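Let's take a walk through this one together, starting with its charged side chains and ending with the space inside.

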Amino acid sequence: MKLATLKDGSRDGCLVVVDRQLKQAVKVAHIAPTLQFALDNWQQLAPRLNEVYLALNEGCVEGAFGFEQRHCHSPLPRAYQWADGSAYVNHVELVRKARGAEMPDSFWHQPLMYQGGSDSFIGPRDPIKLASEDWGIDFEAEVAVVTDDVPMGVDVEAAAHHVKLLMLVNDVSLRGLIPAELAKGFGFFQSKPSSSFSPLAITPDELGDAWRDTKVHLPLVSHLNSQLFGQPNCGVDMTFNFATLISHAAKTRPLGAGAIIGSGTISNYDRRKGSSCLAEVRMLETLDSGAPRTAFMAFGDRVRIEMLNEQGQSLFGAIDQQVVKA
């Protein structure tokens with residue numbers, strides 16, 4: 001099943017079901033006016049939404065209309081919880097190595113995770129508005145899952161059953177602000193502005209065999225200014241799968257329906273696959289030649305993030321955003 005949120009002038013938009021080809025959509029306010037409402041009542045409403053999805057794919061739904069990704073908000077325009085992990089320890093290892101720091105052994109056994117701002121996500125085709133290029137503007141291409149209600153202390157095996165939807169993420173980062181914030185010992189805040197998510201949130205079954213062990217075994221493709229930037233495989237070198245990330249997040253608190261858990265920047269040891277953020281490229285350049293050569297994003301730069309299945313079909317639609325001066 002594929003779900004999207006259309007902008008309608010309200011804070012939380014209008015939930016629609018979208019067909020598999022991303023060509024047609026239909027409003028489902030009679031079932032669930034918003035995606036958060038659907039997630040709050042997932043056990044009862046998901047079967048009804050799926051019936052609409054199956055009928056839409058057969059061309060048997062009244063009120064269907066042409067689907068335009070540019071009219072979408074992020075599937076959840078705001079959320080009660082947005083926690084981003086760092087499941088690709090290879091990426092973390094590079095960050096530390098570039099500044100000459102050893103990586104604690106615990107990083108291989110316990111996920112890193114930060115709690116991001118979730119009250120003002122950016123639409124997948126909306127500009128990224130920032131005040132200064134000096135902040136070190138970077139994109140981070142990731143995958144995220146959306147959960148139903150998760151009990152506190154859930155184990156990894158049980159956590160796997162709480163994944164209800166998946167999305168792509170552009171976790172915008174301001175690299176120039178990060179060091180001073182981390183030095184205070186309280187973590188990210190100003191250095192992590194609003195994130196954006198793919199036009200579509202999809203159920204795991206839409207991935208077929210590519211969804212196994214709560215990992216997505218497909219490349220995540222990033223373009224910067226229309227040039228291929230990276231296409232690492234999300235299922236390769238993922239140290240902590242999504243079930244582990246959910247269990248970690250719920251160790252001391254329950255997670256409410258609609259909680260978003262991110263994978264962190266997708267990264268492979270095979271450097272031929274490219275990277276999913278500028279910071280990683282700069283790290284590799286520093287390790288290779290002593291200094292980075294690649295600049296961070298400037299006003300006017302555009303990033304596109306998309307995932308295709310083995311048949312070349314877009315699964316989530318595309319995040320396609322330009323950085324502009326606020």
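Which residues are linked in a network of salt bridges? In this predicted model, the answer is Asp138, Glu140, Asp171, Arg175 and Lys192.

Let's zoom in on one pair from that group. Arginine 175 and aspartate 138 meet through their side chains, with 2.8 Å from N to O. Arginine 175 sits in the loop between strand S12 (173-174) and helix H5 (178-183), while aspartate 138 is in strand S9 (residues 137-138), so this bridge ties together parts that are 37 residues apart in sequence. Both arginine 175 and aspartate 138 are buried.

Now step back: the count for salt bridges comes to 14. One of them joins arginine 20 to glutamate 206, with the closest N and O atoms 3.5 Å apart. Arginine 20 is in the loop between strands S2 (14-18) and S3 (24-27), and glutamate 206 is in the loop between strands S14 (200-202) and S15 (211-212), so the pair links parts that are 186 residues apart in sequence. Arginine 20 counts as partly exposed at 35% relative accessibility, whereas glutamate 206, at 13%, counts as buried.

Another bridge pairs aspartate 320 with arginine 304, at 2.9 Å between the closest N and O atoms. Here the partners come from strand S21 (residues 319-325) and strand S20 (residues 302-306), so the parts tied together are 16 residues apart in sequence.

Methods: Residues numbered from 1 in each chain as written. Predicted model: local features only at pLDDT ≥ 70, side-chain atom pairs only at ≥ 80, totals over all residues. Heavy atoms only, no water. Salt bridge = Lys/Arg side-chain N within 4 Å of Asp/Glu carboxyl O. Helix = DSSP H or I, 4+ residues; strand = E, 2+ residues; numbered from the N terminus. Buried < 20%, exposed > 50% of the residue type's maximum accessible area, 1.4 Å probe, protein only.
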